[in-house]
Structure formats: C-alpha cells, structure tokens
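Let's walk through a few helix pairs and a pocket. Keep the viewer open and follow along.

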Amino acid sequence: MTEEAEAGSLTQPFAIVALVLILARAIAELWLSRLNQHHVRAHANELPPAFRGIIDEATYRRSADYTLAKSRFADITGVFDVVVLIAVLFSGVLPWAFERFTASFGTSIWAMAGFLFFLGIALSMLALPLAWYAQFKLEERFGFNTTTIKTWVLDRVKGFLLALLLGYPPLALVLKLIGWTGATWWLWGAAIVITFQLLLLLIAPAVIMPLFNKFTPLSEGALRQRLFGLAQRTGFPTRSIEVMDGSKRSRHSNAFFTGFGRFRKIVLFESVLAHEIGHYKKRHVVKLLGFSIAGVFAAFAAIAWLARQEWFYRAFGFEHQEGFGVANVVLAMLLFGLMAGTISFWLSPFFHVWSRRFEYQADAFARATMGEAQSLIQALRKLNEKNLSNLMPHPLYSGFYYSHPTLLERERALRIPG
C-alpha cells in the first residue's frame, strides 16, 4: 500500500461526496421517521372516523404504540448502521483487512472470494445484538414473538451455512470469468448470477424453505375444496395448498406464493388467495423478475466501470492496480455493495409507485374473481388488526417505505366500480 493510499481517505474528493451522500440519507431517514412519529401521535388518542367499525379503540391505540416503538428502535439501528458504515469506509480498516488477508491467504480466486464472503459475514454479525433485541424484547413486549433462543440461533447458523454453500462457489466462478473472458467478464458474470437466482427460485420452495419451516398440505374439507376451486376457476396451476408453521416464530400474519412451475408453493396465513393469484395472472412476478435481471446487469456494468477508476479506490484508502484484475474487481464489488443502499434509498419512492400499482391490480383481480369486494376488505382489515399495522402513516413516509398501499387506500380503490 502506498503512502498516498494510507493517508486519510477523506482527503480525496469522492470520499467527501460519498460521506455527504451517506449523511444526507441518514438525516433524511431520521427526519422522515420523526415526521411519521409526530403524525401517528397526533392521531393516537382518538380513533379516526374512517376506522370506526373497522377496529376497536384499544387495538388502534396499541397499533400506534407498536408503530412508535418500532420507529424509535429503527432510529437507533439506523444511526448504528451509519456509524458502522462510515467507520468501515473511512477509518482505513478495509485496506488494513485486505492487506492482512492477502498476506496470509494470497490473491487466488478462492482467496478473493473468501475475503468478500467472510467480510460480509463479519459485518452482518455486528448487527446481531440489535436483531436479538428486536425479536426478544420489542416483539415480545407486543405479544408477537413465539420463537425460542434455540430456534433463533439455529436460523442464523443455517443461514450462514446456506450462504457458504450457495454463495461462495458462484462468487468464485464469477471472479474466474475475469481471466477467461477479459473485459466482457461482467456480462458473463451477470448471466451466471441471474441463472443461479432463477435456480434458487425454482428449488427454494422444495429444498430451502423446509429447512426453516414445516409445510403440511391443507387438510381435506370445505376450505380446501373452495381454494382449489378458485385456483381452477382462475386458471392458476397448483397441485397442493400448504400450511406453514409460521406461528413458531411470530404471531404476525401474511400470505404468499413462491417458486415456478411444478415447484410453486402456496402458503396461506389468511384467505387472500385470490389476490395472490392476481399477481400471477397479471404477470407481476415476471415483470419484477425482468426488472431484477436488468438491475443485475446494471450493477455488474457499474462494478466493471468502477474497477477501472483509480479515484474510486483512493477515496476509500485502497491502492489501484492497472487493468481489470481480480483484486480490483473484488474491491469494486465490496465498495459498491457498501454504498448501494445509499443510492437506492432515493430511488425507493419510484419503485414503490410501481409496486403499489401491482397491488391495486391484484386487488381488482380478486374483486372481479370473487364477484364482490367485501371479503377481501375484511381479510385486509383482519391482517392489519392482527399485525398492529400503522393505520395512519404520514404520506411522505409511506412513499419512501411502503411497497403496499395503506388499508384505507386499498379499501377506497376496492369500492370504486370497475
């Protein structure tokens, strides 16, 4: 490492730009959080007229308390994340760790992939105490936590092992492409990552998800017959409808389907199957997948470009090597990954507009399929009540953080003839 690289990275122009972007996001998040907290408190003591007959006053006040408690805790975790990010990027710890790691393990493909992998694990472990508090203190206080310490620990051990098994080899393969394909490595790398992601979507319902939860076919009876009848009536191909033991971790409720083809899995917590089928019939999954694929190619293109920029490395205290060697690409991947959230935060409102449009379309499909809207409205009310959802978010806050419309927004849309 050169003397210039060892010098404080904040002497570099882009380092100052990066720091300003990180702080701007942190300030915006805290401001949005406080704005939302003030909005919730302003409506917490009296049940708004729009919710009378939907939810009782005690549950409404409890949902406000839960929202405020989560928001205050999110402020703490947000500040913690920013402090860690700034420390990691600008303290010189990353160049120091990279130098020590390569001195011990070299710069082979497997070593470089190992550096990225284990650094990611190390950074994620810093947040474990906060995750533990959220599960066993915050969620416990509001009656949602049902997991045990053993299950919580096992989930994280399983997650680590899956990341090692499913993440390390593909990462090494992507890095190997640099020597095989030269300057076009990023096109092949993106293609490999996308192929691997599609494979995971295919096998996850049958192989990965059962490692964490137990799935059992819905028992014979009127409910099963109605659900299969709905699937057949809408042309939704499924061979089984299963119940997941989500209650062993949380009392929160949800519903989803996942997977492709014969590996597709429907999981029901509440009777909103028609809405979930709407996502399938409207091809929302395919559209989101296409957007994700485009995002992967864009990310790899950005990494390939940054891997050639000397100013990018020096901003964070690294020494740049000529060409597009493995070490440059690894460092570009690392720094890009650390900064990506800072950029995507400002784009989130645009993504959420698109996501909400899909939710409205799925709701409309469910209304048309069922021949009425009230059953879905009742299901949405029940989900919001059981989850103590924030029923009165500030519009600006929901624009940044809510991928789904609020309960009242969905009810209004469902009541419009269409």
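## The second largest pocket

A pocket here is an open set of grid points with protein on both sides within 12 Å along at least five of seven lines. Bear in mind that this is a predicted model. Its second largest pocket holds about 1000 Å³ of space. Lining that pocket are 37 residues, and the closest to its centre are G120, M333, L334, G337 and L338.

Which elements give two or more residues to the lining of this pocket? They are α2 (13-42), α3 (57-90), α5, α7 (149-181), α8 (185-208), α11 (284-306) and α13 (326-370). Sorted by class, the lining of the second largest pocket comes out as 27 nonpolar, seven polar and three charged residues.

## α5 against α13

Two of those pocket-lining helices, α5 and α13, also pack on each other: their axes come within 10 Å and cross at roughly 15°. Angles under 35 degrees count as roughly parallel, so α5 is roughly parallel to α13. The crossing of this pair is right-handed.

On the α5 side, the contact uses I109, M112, F115, L116, L119 and L123, which meet V326, A327, V330, M333, L334 and L338 of α13. By class, the residues of this contact are twelve nonpolar, no polar and no charged. M333, L334 and L338 of α13 turn up in this contact and are also listed among the residues closest to the centre of the second largest pocket.

## α4 against α5

Helix α5 (residues 109-126) has another partner in α4 (residues 93-105): this pair packs at an angle of about 140°, with axes 11 Å apart. Therefore α4 and α5 are oblique to each other. Their crossing is right-handed.

From α4, the contact takes L94, A97, F98, F101, T102 and F105, while α5 brings A111, M112, G114, F115 and L119.

## α14 against α16

Q374, L376, I377, L380, R381 and N384 of α14 make the contact with L407, R410, E411, L414 and R415 of α16. Charged residues do show up in this contact: the classes are five nonpolar, two polar and four charged.

How values were computed:
Residues numbered from 1 in each chain as written. Predicted model: local features only at pLDDT ≥ 70, side-chain atom pairs only at ≥ 80, totals over all residues. Heavy atoms only, no water. Axes fitted to C-alpha atoms, helices over the stretch in contact; angles between N-to-C directions. Helix = DSSP H or I, 4+ residues; strand = E, 2+ residues; numbered from the N terminus. Parallel < 35°, antiparallel > 145°, perpendicular 65-115°, else oblique. Left-handed = near helix turned anticlockwise from the far one by under 90°. Contact = heavy atoms within 4.5 Å. 1 Å grid on protein atoms, 1.4 Å probe; cavity = no way out; pocket = protein on both sides within 12 Å on 5 of 7 lines; lining within 4 Å. Points joined across faces, edges and corners; volume = space filled by probe spheres on them. Nonpolar A, V, L, I, M, F, W, Y, C, P; charged D, E, K, R; others polar.
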